[in-house]
Amino acid sequence: MVDMLKILITSAIVDNVVFIQYLAICPFIGMTSDTGKAAGMGIATSFVIILATAVTWPIYKLVMVPLGLQFLQTLFFILVIASLVQLVEFFLKKTIPALYKSMGVYLALITTNCAVLGVTINCISKDYNYGESLVYALGSALGFLLSMVVMAGVRERSATAKIPQSFKGTPILYIAAGLLSLAFLGFKGLIK
């Protein structure tokens, strides 16, 4: 139980997929202009991260390893992720059309979101068992959601802040992202 909690905290905060591993920068920059959109994108991506890990781990361990197909890991995982994103897209279109419409092209881009692929590959490379992989995926998903919502809050606040003209827009966005990364780097020694 302690190990699972350690994996959860490490993947969510200490090794955050956005601020520490620098994955998923495209949706981090593109979908954080509004807290609602950022939260929706974070939840949709989190769902895909957890589901992709739940599907890819058994495929890798039970099919690919026995058949000696480990070299096809990236291809198999991308196919699984693309299929899962199509399911999420279909679900959102039918149940929450407003969120589906507001996400636009970024919803389809979950397929190419390197955080999803990165988490599934990290579970294999860290040699986690199935339970540990799911906890790692949950922590990474929560870390992604946290980074999206925090950055959306910072961006909304910066819209009303007095910012020098030369820093308005994209420059202040990257400065804020860098400062948030430095803040998360402070957690590096939290768990050993």
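Q: At what angle do helix α8 and helix α9 pack?
A: This is a predicted model, in which local features need pLDDT of at least 70 and side-chain atom pairs pLDDT 80 or more, while totals for chains, interfaces and linings use all residues. Residues are numbered from 1 along each chain, and side-chain values use heavy atoms, without hydrogens and water. Helices are DSSP runs (H or I, at least four residues), numbered from the N terminus. Helix α8 (residues 130-160) and helix α9 (residues 170-185) have axes 11 Å apart, and their packing angle is about 135°.

Q: Are α8 and α9 parallel or oblique to each other?
A: Angles run from 0 to 180 degrees between N-to-C directions, with axes fitted to C-alpha atoms over the stretch in contact. Under 35 degrees counts as roughly parallel, over 145 as roughly antiparallel, 65 to 115 as roughly perpendicular and the rest as oblique. The angle here is about 135°. The two helices, α8 and α9, are therefore oblique.

Q: Which residues of α9 make the contact with α8?
A: Contact means heavy atoms within 4.5 Å. From α8 come Leu-146, Val-150, Met-151, Val-154 and Arg-155. The α9 side consists of Leu-173, Ala-176, Ala-177, Leu-180 and Phe-184.

Q: How many residues of the contact of α8 with α9 are charged?
A: Ala, Val, Leu, Ile, Met, Phe, Trp, Tyr, Cys and Pro count as nonpolar, Asp, Glu, Lys and Arg as charged, and the others, Gly among them, as polar. The contact has 9 nonpolar residues and no polar ones. The charged residues number 1.
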